[in-house]
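Could you take a look at this model with me? I have put together a few friendly notes to read alongside it.

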Amino acid sequence: MSIDWAALGQVFGVTLAVTVGIVGLFTVGIVGTSRRPAAEGEAAAAAAPGTGARTGAVAAFALCAAAVAYGIYLIVAA
């Protein structure tokens with residue numbers, strides 16, 4: 001039995017990069033939907049994230065869902 005170490009290293013590298021990317025995207029989504037602390041004298045509604053932040057968060061979550069769906073597709077198709 002022979003192990004192709006170069007191929008194993010490539011799989012490890014791609015897996016690490018994609019994992020860090022998906023976790024980063026999910027973190028952007030969480031931060032985009034989080035409420036910022038209200039400043040003194042500021043209304044609670046003003047502390048809600050803006051529409052740009054919410055749109056970016058939805059896009060980040062959509063990309064995460066697409067990556068997961070693609071991974072499931074690759075597993076099931078094989």
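Predicted model: local features only at pLDDT ≥ 70, side-chain atom pairs only at ≥ 80, totals over all residues.

1. Residues are numbered from 1 along each chain as its sequence is written, and side-chain values use heavy atoms, with hydrogens and water left out.

2. The chain has two helices and zero strands. Both kinds of element are DSSP runs numbered from the N terminus (helices are H or I with at least four residues, strands are E with at least two). Of the 78 residues, 9% are buried, where buried means under 20% relative accessible area, exposed over 50% and partly exposed in between, with a 1.4 Å probe and protein chains only. Carbon and sulfur atoms hold 74% of the accessible surface of about 6,000 Å² (Shrake-Rupley method, 1.4 Å probe).

3. How do α1 and α2 pack? Helix α1 covers residues 5-33 and helix α2 residues 51-77; their axes are 8 Å apart, at an angle of about 150 degrees. Axes here are lines fitted to C-alpha atoms over the stretch in contact, and angles run from 0 to 180 degrees between N-to-C directions. That makes α1 roughly antiparallel to α2, a term for angles over 145 degrees.

4. Now for the contact itself (heavy atoms within 4.5 Å). On the α1 side, the residues include Ile22, Leu25 and Phe26, and among those they meet in α2 are Phe61, Leu63 and Cys64. By class, this contact has twelve nonpolar, three polar and one charged residues. Nonpolar covers Ala, Val, Leu, Ile, Met, Phe, Trp, Tyr, Cys and Pro; charged covers Asp, Glu, Lys and Arg; the others, Gly among them, are polar.

5. Leaving aside residues up to four places away in sequence, Ile22 touches Cys64 and Ala67. Ile22 counts as partly exposed, at 28% relative accessibility. Its C-alpha atom is 9.0 Å from that of Ala60, 38 residues apart along the chain.

6. Finally, look at the loop between α1 and α2, where Arg35 lies. Arg35 is exposed, with a relative accessible area of 54%. The C-alpha atoms of Arg35 and Pro49 are separated by 5.8 Å, although these residues are 14 apart along the chain.

Methods
Parallel < 35°, antiparallel > 145°, perpendicular 65-115°, else oblique.
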